[in-house]
Amino acid sequence: MVTRFDTTAVPVITLVVSSDRRDLREVTELARKQVLEPLQGVAGVGQIQLTGGQRRAFNVLLDADALAAQGLSIQQVRQAIEQQNLELPGGRLESSGREEVLRTMARVQDARELRRLVVAERQGAPVLLGQIAEVEDGTEDPRSLSRLDGENAVALVVQKQAGTNTVEVVDAIEKRIAGLKRSLPGDLEVTPIRDASRFIRRSIHEVELHLVLGALLASVSVLLFMGSLRSTLIAALAIPCSIVTTFAVLNALDYTLNNFTLLALTLAVGIVIDDAIVVLENVYRRVEHGEPPVQAAIEGTREITLAVFATTLSLIVIFLPTAFMEGRIGRFWRSFGITTAFSIGVSLFVSLTLTPMLCSRLLKPPKPKDRQRPSLVARLNDGLDRGYAWLVRWSLNWRWLVVALSLATVAMVVPLGQRIGKDFIPKDDTSEFMVVLTMPEGSSLEASSAMAARIEGHLRELRGVERLFTSIGAARGGDDVTEVQIYVQVTDIEHRDYPLDAVQKQARAALRPYPDLRPSVQDLGGMGGGGRKTQLAFSLRGPDLEQLGEYTATLMAKMAESPGFVDIDSSAAVRKPEVRVKIDRDRAADLGVRAGEIAAALRTMVGGEPISKIREGAEQYDLWLRLRPEDRRDVDSLRGLPIQARSGLIRLEALAEFERERGPAQIDRLGRIRQVELGANLDGLPLGDAVARVQAMIGEMKLPPEYEVVFTGRAKTMSETITNFLGALALSFLFMYMVLAAQFESLLHPVTIMLSLPLSLPFALLSLMLLGDTLNIYSTFGVFMLFGIIKKNGILQVDYTNTLRERGEARDAAIVEANKTRLRPILMTTITLIAGMIPIALGKGPGAASRASMAKVIIGGQALSLLITLLIVPVAYSLFDDAGNALSRAGRRLRGQKDEV
């Protein structure tokens with residue numbers, strides 16, 4: 001079987017259809033006709049898989065002894081049924097300009113008529129099908145089971161089409177279900193389970209709340225520094241103007257308001273207000289010194305325009321490269337990068353147009369009495385200015401000490417990077433998880449159902465469990481009754497005070513007495529569907545399957561001894577019991593029997609085949625042919641099965657021998673090389689550390705060169721992400737340098753500004769380590785944002801230093817005065833950014849772990865690195881200036897010597 005699989009076409013909802021009055025066969029028919037078929041026409045719905053049902057069918061169960069007594073083979077019975085249950089066109093009748101179609105009608109109408117079919121004649125008497133077989137109007141042999149809270153039901157697993165929106169598809173399904181309920185029988189219930197849109201909706205609601213709270217906290221931070229409601233209003237208006245305008249861009253690019261775009265807007269709240277704050281503070285300072293508001297707005301904006309342009313453009317080029325990242329993560333984060341970049345671009349326009357206009361109208365010069373008796377805010381700002389000016393003077397006197405401290409800070413990246421865990425994505429509390437069990441190979445559906453019911457009893461006793469949905473036979477193409485999946489729904493995170501991890505640990509403890517079931521307690525992944533989806537997945541590849549099995553057993557034993565690995569499993573553990581029929585070719589040739597005829601007969605007799613159809617109204621039902629259960633129970637019953645030979649019927653044992661073996665349930669290949677798939681879930685162990693441990697174990701095993709380990713799943717994606725991230729980071733630094741060099745018309749000033757970037761990285765890693773988080777794709781993008789934010793401070797410092805030097809001030813005096821003057825906007829933008837991130841960092845709702853990881857990097861890196869970055873820029877500026885002067889003097893001396901010559 002070849003299956004095409006698209007990672008974006010995943011199950012979005014499971015519908016459970018049940019009734020307390022009807023049997024499962026009738027419920028299955030109603031679910032198929034009145035629920036499944038209408039839902040297939042809903043926009044965005046792809047495939048719908050029906051599991052747990054009992055589909056109506058007509059079964060012909062042959063009696064092997066009766067067949068032998070009548071001298072009939074199963075192929076003869078099959079041909080008789082096929083030739084007597086048919087409807088065929090016979091051409092056309094043409095007469096007097098008319099044309100009529102001729103059709104032979106020989107369809108069997110029901111089981112009673114089927115029993116009366118003549119399959120042969122013996123001694124002049126007809127042999128009826130009912131004489132040699134049991135004929136029933138029943139169901140197909142069940143190969144799946146669904147159970148909701150202990151009650152059998154029919155499940156419809158709805159898969160969306162690739163590229164469609166999950167929430168929109170689920171909304172359309174729910175709307176259609178509401179309409180269908182009016183025509184469904186009153187006792188038929190349709191219950192939604194595993195709704196993928198539920199977590200998305202709740203997560204988006206949390207992000208929207210964080211967006212509003214972040215905007216309010218950022219505005220309050222401006223009030224604390226400015227001490228003026230008018231100034232706060234001017235700065236705060238930049239937030240809705242920038243955010244709402246970005247909606248138009250999202251609409252033009254056909255983006256939706258999803259977790260990534262809303263996260264981008266939430267994080268941008270503390271950034272889009274920065275430009276307005278810088279312009280506002282510069283204008284406000286001029287008004288404080290007595291300039292008229294209109295004149296102050298014009299001159300203040302003109303003075304700061306270069307710095308604002310430089311900060312904004314260099315920040316935009318940080319995010320644009322993320323829009324071109326490749327791979328799965330690139331697709332996810334493209335909308336994030338573009339949304340952030342556009343919102344920042346809009347904030348530039350707002351800060352240079354709306355903000356100066358509002359300043360000219362709303363700002364008022366301070367009253368004389370306010371100048372004589374400064375407010376608490378004014379005194380606080382004055383104290384900060386004087387203290388920082390003293391630190392700058394001290395740093396200029398001890399420049400090389402500051403350089404040494406900076407180098408030591410950067411060097412801390414190495415030990416911190418080694419100690420911090422590396423992961424793919426943080427684990428979010430989704431209030432649901434899956435338990436996957438694999439029964440011993442050869443277990444029947446009844447045995448699997450009984451064991452699943454036993455496990456359900458243990459799971460029901462776990463804290464917070466509200467609902468259990470069990471499905472058997474839904475994985476591996478829908479025919480494997482040994483794999484049991486139990487969906488566990490836990491109380492919503494808002495209504496409990498314990499994490500989902502605690503419930504999962506209890507589940508693992510409850511399943512510990514059942515090691516033969518290979519239990520796996522796993523999070524619900526984005527792929528949906530069935531099967532095991534472990535957090536760590538890799539393949540062991542090589543030419544020899546037996547040797548692969550030995551290496552796999554050794555590696556699994558090593559992993560079991562290492563703490564942090566749980567639910568360890570491999571595809572080599574699946575060994576399927578087989579009964580192999582070995583044909584004696586010489587004997588078969590003597591009797592005139594081909595191997596294909598034996599195989600076809602066995603397939604029909606034991607496995608059963610739909611050989612025809614019986615029509616009832618507009619519906620057609622399969623007609624299955626096979627032996628009675630007692631005639632195909634074991635090897636002994638197979639020995640006497642009748643096989644058609646040249647001289648008549650013979651027993652199967654006259655042609656073949658039977659052997660019991662255990663073979664692999666599946667043989668996997670990648671690039672035409674055999675492989676064994678291994679996987680494990682992780683308990684408190686970051687994915688990066690798990691990969692490193694497995695690689696060390698492989699190294700200890702000293703595998704031959706033709707054997708190798710290939711990581712798949714999250715580990716592979718994480719490796720690709722690191723590569724893509726480094727490429728995007730390099731492009732961002734290059735673009736940032738180009739923008740700054742063009743703005744300042746200097747090759748050295750961009751270096752001065754960008755020296756603060758590596759200083760923020762150790763503090764970002766330290767904050768993650770102190771807060772118990774890992775370096776993952778969310779915190780990595782937090783580092784992106786941190787770099788863009790940190791260098792804004794350096795631009796303000798360098799720009800105003802250059803302005804003062806152009807006015808004739810000495811270098812060191814200009815450095816001290818410029819840094820003192822720009823301290824207030826730097827502190828304001830820093831604190832407003834941190835304030836905007838606080839709701840995200842402290843969030844506890846759905847999806848909070850991922851968003852918090854990004855916010856923690858920005859808050860910790862920004863707050864902890866603020867002092868050292870505020871000191872390194874003036875020191876680097878003076879050192880580069882001295883170096884430039886030295887090079888100029890050396891150049892003049894060199895030119896002078898040439899002139900003398």
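Buried means under 20% relative accessible area, exposed over 50%, and partly exposed in between (1.4 Å probe, protein chains only).

This is a predicted model, where local features need pLDDT of at least 70 and side-chain atom pairs count only at pLDDT 80 or more, while totals for chains, interfaces and linings use all residues. Residues are numbered from 1 along each chain as its sequence is written, and side-chain values use heavy atoms, with hydrogens and water left out.

**Exercise 1.** Find which residues methionine 854 touches, not counting residues up to four places away in sequence.

*Solution.* Begin with the rule: contact means heavy atoms within 4.5 Å. Next, go through the partners of methionine 854: Leu263, Leu267, Trp333, Phe336, Tyr778, Ser779, Phe781, Gly782 and Met785.

**Exercise 2.** Decide whether glutamate 281 is buried or exposed, and find what it touches.

*Solution.* Helices (H or I, at least four residues) and strands (E, at least two) are DSSP runs, numbered from the N terminus. Then look at the relative accessible area of glutamate 281, which is 1%, so this residue is buried. Lastly, list its contacts, leaving out residues up to four places away in sequence: Thr821, Arg822, Arg824, Pro825 and Met828.

**Exercise 3.** Locate the kink in helix α1 (residues 24–39).

*Solution.* The bend at a residue is the angle between axes fitted to the seven residues ending there and the seven starting there. In α1, the kink is about 35° and is centred on arginine 32. Now check the buried residues of α1: arginine 32 is one of them, and Leu30, Ala31 and Val35 are also included.

**Exercise 4.** Work out how far apart aspartate 23 and asparagine 152 are in sequence and in space.

*Solution.* Start with the setting: aspartate 23 is found in the loop between β1 (11–19) and α1. With a relative accessible area of 49%, aspartate 23 is partly exposed. Then take both separations: aspartate 23 and asparagine 152 are 129 residues apart in sequence and 9.9 Å apart in space, C-alpha to C-alpha.
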